[in-house]
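Biologist: Let us go through this model and ask what stands behind each label. Please set the values against the cut-offs.

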Amino acid sequence: MTPGPNIILSDKKISRALTRISHEILERNSGAESLVIIGILTRGAILAKRIAATIKELEGVEVPVGLMDISLYRDDVHSKLEQPIVQRTDILFEIRDKNVILIDDVLYTGRTVRAALDQMVDFGRARTIQLAVLVDRGHKELPIRADYVGANIPTAMDDQVVVNVTELDGKDEVYVEIANERNR
Amino acid sequence: MSQLSSRHLLGLESTPKSDISLILDTAETFSEVIERKIKKVPTLRGITIVNLFYEPSTRTRISFELAEKRLSADTVNFSTSTSSVKKGESLRDTVQNIEAMKIDMAVVRHSSPGAPYFLTNCMEANIINAGDGSHEHPTQALLDMFTMRKKYGRLKGLRVLLVGDVKHSRVIRSNLWGLQTMGADVALCGPSTLLPREVERFGCDVYTNLDEALEGVDVVNVMRIQLERQQAGLFPSQREYTNLFGLTKDRLKRLNKNFTIMHPGPINRGVEISSEVADSKNSVILEQVTNGQSVRMAVLYLLSGRKEELA
């Protein structure tokens, strides 16, 4: 389908938002030395790599990037008929006493982040865990908020926020599929 | 999103390629989990699993039990020697009583072929076959395939030789069917008295001479000679078996370069395999045991909570 008028973030806006988030992360953590970045699969992992690349440009520091699959920590494993395909978690560095930046594309109910936090605890005791998201769409079901937000987008519960990234989808864009249009 | 086509794992004979691939891919993920410092994930919290072992087993039972614990399931163990089976209770009565205690999954080993299938008709739980008589041992074959795939990056086209008691070995049967489904080139080798009737129906090369069989092979999977199943005198002596079918260093030169030696254990050193071969750098016998963990975690995860068959 053509997303048409519902595009809320163009490629330029996404790039600016990620650059701003990178700056904010550096400012908040007084540099990049203590940082590790962990992206939640699938799209969070791609954003994580981009933010790490931006930080390298800005500070010249190579921040370790890990990938995390949260399927095994979900709270709805047995309430769905289909299981998500579990992908590999790759965190090949120590997170103990690090400032961990957790990155996801969309913050919605907060349940993914809850699962990621639980998993993180099993990997070690980080000094802090901070959350960065490209889009905060509201409707949280848990007391979780993001520390860095690309864009706040108010949505209806049953709207769908679609994040496309060049690496997987051919181009960068974020659009909303409005529920009642989808059903029409 | 994806799922297995069945809610039980009874054997590989009729398991489709997509299911085997899904299990092997999922096992890849779990092989990372068991390398973590905390080798435990909360995935099967609240699921209760009973391990019903009507036959002795060390490796398989421990492997299943650890896999269950690493997925945070609650487990109960049952073995015939310490249970009411001694008092004459039937299999059906035993499992129905156990199920009345709200069991979600059952891992079953039994000396009768088809016992796990029988259980699918008398309990609601997801059933996993951990070896039924001389029929199948699907998780062993899955972990063997996982080990091969890890080493060669593929199964298709691999030349795999299964050596041993073809007639009685459930590991051979499960390996054969699973590997054929995945497109491997499978061959069998064993004494003619230990080949089943109509062995040609397996649709693979069959040898009674080990040296001929080893020509051009990538993987040799050697089975234990099951002395407990050898009361019928199907070969003259253990020594003769070793001379004709024992895997020794001298025999290895016929294999392809980068060959692999496998054995499901427990090994009888100096009988079906020499110590030198079992401990050589081409042997992956202990990796098989490690991989058994990941594969069993994958099977438990994929079957857990499945109430219906896929339509």
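Biologist: Why is the second largest pocket said to lie between domain 1 and domain 2 of chain B?

Modeller: Both domains of chain B give residues to its lining, so the pocket lies between them. The model is a predicted one. The assignment gives domain 1 as 17–136 + 290–303 and domain 2 as 138–284.

Biologist: Which residues lie nearest the centre of the second largest pocket?

Modeller: They are Arg109(B), Arg170(B), Arg224(B), Gly265(B) and Pro266(B), out of 20 lining residues. Helix H2 (59–70) and helix H6 (170–181) of chain B each give two or more residues to the lining. The volume is about 460 Å³.

Biologist: How does the lining of the second largest pocket divide by class?

Modeller: Five residues are nonpolar, eight are polar and seven are charged.

Biologist: What makes the bond from Gly265(B) to Pro266(B) cis?

Modeller: Its omega is near -10 degrees. Pro266(B) sits in the loop between strand S9 (260–262) and helix H9 (275–278) of chain B.

Biologist: How many residues does each domain of chain B bring to the contact?

Modeller: The C-alpha centres of domain 1 and domain 2 of chain B are 26 Å apart. Domain 1 of chain B brings 27 residues to the contact, and domain 2 of chain B brings 24. Contact here requires heavy atoms within 4.5 Å.

Biologist: Which residues touch the most other members of the largest nonpolar core?

Modeller: Ile95(A), Leu142(B), Met145(B) and Leu188(B) do, in a core of 86 residues. Helix H10 (residues 285–303) of chain B gives the largest share, eight residues.

Biologist: Why is this core placed between the two domains of chain B?

Modeller: Domain 1 and domain 2 of chain B both give residues to this core, so it lies between them.

Biologist: What is Leu142(B) in contact with, leaving aside its neighbours within four places in sequence?

Modeller: Its partners are Leu9(B), Leu12(B), Ile20(B), Ile23(B), Leu24(B), Val295(B) and Val299(B). There is also a second, separate core of 32 residues, which includes Leu18(A), Val61(A), Val63(A) and Val176(A).

Biologist: What lines the largest cavity?

Modeller: The lining is Leu18(A), Ile21(A), Leu47(A), Ile51(A), Ile103(A), Asp104(A), Ala132(A), Val133(A) and Leu134(A). By class, eight are nonpolar, none is polar and one is charged. Asp counts as charged, so Asp104(A) is the charged one.

Biologist: What makes this space count among cavities of 30 Å³ or more?

Modeller: The largest cavity has a volume of about 40 Å³. The structure holds one cavity of 30 Å³ or more.

Biologist: Which element gives the largest share of the cavity lining?

Modeller: S5(A) does, with three residues. Helix H1 (11–28), helix H2 (43–59), strand S4 (99–107) and strand S5 (128–136) of chain A each give two or more.

Biologist: Which residues are closest to the centre of the largest pocket?

Modeller: Leu41(A), Arg74(A), Asp104(A), Asp105(A) and Thr112(A) are, among 33 lining residues. The pocket holds about 1000 Å³ of space. H3(A) gives the most to its lining, five residues. H2, S4, helix H3 (111–123) and strand S7 (160–164) of chain A each supply at least two. The classes are 14 nonpolar, eight polar and eleven charged.

Biologist: What makes the bond from Leu41(A) to Thr42(A) cis?

Modeller: Omega is near 5 degrees for this bond. Thr42(A) lies in the loop between strand S2 (35–40) and H2 of chain A.

Biologist: Why is Ser30(A) called exposed?

Modeller: Its relative accessible area is 67%. The label exposed needs over 50%, so Ser30(A) qualifies. Ser30(A) also has a positive phi of about 50 degrees although it is not a glycine. Its place is the loop between H1 and S2 of chain A.

Biologist: Why is His139(A) called partly exposed?

Modeller: Its relative accessible area is 29%. Buried means under 20% and exposed over 50%, so His139(A) falls in between. His139(A) has a positive phi too, of about 70 degrees, and is not a glycine. It lies in the loop between S5 and strand S6 (148–152) of chain A.

Notes:
Residues numbered from 1 in each chain as written. Chains lettered and ligands numbered in written order. Predicted model: local features only at pLDDT ≥ 70, side-chain atom pairs only at ≥ 80, totals over all residues. Heavy atoms only, no water. Core = buried A, V, L, I, M, F, W, Y, C linked by side-chain atoms within 4.5 Å. Buried < 20%, exposed > 50% of the residue type's maximum accessible area, 1.4 Å probe, protein only. Helix = DSSP H or I, 4+ residues; strand = E, 2+ residues; numbered from the N terminus. Domains from an automatic or database assignment. 1 Å grid on protein atoms, 1.4 Å probe; cavity = no way out; pocket = protein on both sides within 12 Å on 5 of 7 lines; lining within 4 Å. Points joined across faces, edges and corners; volume = space filled by probe spheres on them.
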